Amino acid sequence: MKTTSNKDFAYAMVPFKILSWPVGTWPLQHYDTFPAIRAIITIFLLLLMITIVQSEMYLDSSDAEKNLDAVIILTCGYLAVSKTLQFRIRPAGLISNFTSAVKDYNELNDQEKRVIVRRHAYMARVAGISVVLFSHISATLFTALPMLAAEQVKDTVNKTEESIPDYPMPSEKVIALVKVPDNLYLIIFIVEYLMLLSTSNGNIGNDSLFFGIIFHLCGQIEILKLDFKRLRNETERTKEHFTVLTKRHVYLLNLAKMLDDTISSILAVQLFTSCTLICTSGLQFIIALSVGNIVMTIKTFIVLGTLLGQLFAYSYVGDYLNRQMEGIGDSIYSCSWYDIPKSVTKDIIYVIMRAQDPVYLKAGKFFILNMETYMSIIKTSMSYLSVLRVMISA
């Protein structure tokens with residue numbers, strides 16, 4: 001698949017290539033054996049992690065703190081597997097959008113338009129790198145917790161020396177069951193850390209890839225709005241120019257629909273699990289505060305920040321995409337339509353009408369993802385968290 005050496009494209013997309021290439025979901029790649037092997041290795045690590053954590057919960061269900069960690073890891077693992085599979089099995093929407101992005105960057109020759117594209121690339125980098133950074137810090141804290149909190153956990157209520165976590169993720173009973181030699185402790189430690197990083201890249205890394213192309217699409221919509229504003233009476237060329245802009249509008253609408261089709265089923269699971277994990281992580285945060293476990297408090301705070309940041313990013317890009325599409329109607333109304341021939345102004349009415357039709361990211365084709373949705377999920381999560389806190393207090 002052809003790419004480009006354009007510096008603006010590199011600035012916008014290279015960070016997302018770094019995150020998605022190891023898991024085999026980078027759209028601008030040859031879909032041959034090597035990317036498939038990378039995806040299979042990633043999915044194998046994730047499924048192995050899920051199996052270990054589920055087995056650990058079955059073997060030891062008495063440790064509430066460890067089980068809450070296991071729920072978070074399992075949920076993120078399932079999301080990572082589903083996103084990696086979805087982006088590998090149904091990559092058509094992403095491929096079309098990224099191929100279009102390569103073409104857009106190669107044809108970029110207007111300084112004002114270049115500023116628009118760079119600004120949206122910067123927005124994509126901030127959104128993607130922020131959530132990835134939080135998720136990698138969470139994975140690192142899960143790994144460092146056994147070393148940082150060993151002495152502190154001994155003094156925690158209802159904790160014994162045997163229940164101190166020895167590995168980055170809940171797996172002590174499973175490792176004891178398979179009788180792994182003690183001299184392999186460091187190797188197991190590193191492998192589990194790699195599993196957590198694979199979960200982070202498979203989940204948040206793929207999200208960042210999606211955010212990057214959504215912001216690029218929004219940048220192209222803003223450029224289209226600029227072209228509509230510049231529309232003026234050019235006698236014979238006016239009709240031709242307007243037709244080109246209208247076709248571009250339809251093309252961008254189709255690209256947005258492809259992205260919605262790609263992510264829709266995953267978003268339905270994402271919203272449900274985000275609400276659940278915010279509740280469980282919030283409960284863990286309250287318990288850690290009540291017993292004075294500083295390390296656990298910091299860890300759960302960063303996990304909560306990652307979950308809220310991920311949900312906020314999806315809600316923001318969905319809301320921003322819709323506002324950009326709706327702005328096309330305002331931009332075309334701002335052009336010199338009163339000087340344009342009547343045959344063209346009649347068509348302008350239809351473009352304005354089409355721009356009023358909302359373009360949303362939807363979870364499961366029915367649940368709209370925007371900032372109102374984000375606030376609704378936060379309120380619902382806090383309500384359930386209040387109930388859980390009262391139940392624990394009682």
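Start by selecting Glu-56, Asp-60, Lys-66 and Glu-172: in this predicted model, these four are linked in a network of salt bridges. Side chains of opposite charge can pair when their charged atoms come close. How many salt bridges does a search of the whole structure find? The search turns up 16, and we'll visit some of them.

**Next stop: Arg-230 and Glu-112**

Show the side chains of Arg-230 and Glu-112 and look for the salt bridge between them, where the closest N and O atoms are 2.6 Å apart. Now trace the chain from each partner. Arg-230 sits in the loop between α8 (185-229) and α9 (236-291), while Glu-112 belongs to helix α5 (residues 111-148), so the pair links distant parts of the chain, 118 residues apart.

**Then pick Asp-227 and Lys-113**

Here's another salt bridge, with the closest N and O atoms 3.2 Å apart. Asp-227 is in helix α8 and Lys-113 is in helix α5, so this pair ties together parts that are 114 residues apart in sequence. Are these two buried or exposed? Both Asp-227 and Lys-113 are buried.

**Hop over to helix α10**

Select Asp-319 and Arg-323. They form a salt bridge as well, and the closest N and O atoms are 3.1 Å apart. This time both partners lie in helix α10, four residues apart, which is about one turn of the helix. Asp-319 counts as buried because its relative accessibility is 19%, under the 20% cut-off. Arg-323, with a relative accessible area of 40%, is partly exposed.

**Last stop: α3 against α10**

Two packed helices are described by the angle between their axes and the distance between the axes. For α3 and α10, the angle is about 30° and the axes are 13 Å apart. The two helices are therefore roughly parallel to each other, and α3 passes α10 in a left-handed crossing.

To see who touches whom, select these residues:

- from α3: Glu-65, Asp-69, Ile-72 and Lys-83
- from α10: Met-296, Lys-299, Val-303, Gln-310 and Tyr-314

Technical notes. Residues numbered from 1 in each chain as written. Predicted model: local features only at pLDDT ≥ 70, side-chain atom pairs only at ≥ 80, totals over all residues. Heavy atoms only, no water. Axes fitted to C-alpha atoms, helices over the stretch in contact; angles between N-to-C directions. Parallel < 35°, antiparallel > 145°, perpendicular 65-115°, else oblique. Left-handed = near helix turned anticlockwise from the far one by under 90°. Contact = heavy atoms within 4.5 Å. Buried < 20%, exposed > 50% of the residue type's maximum accessible area, 1.4 Å probe, protein only.
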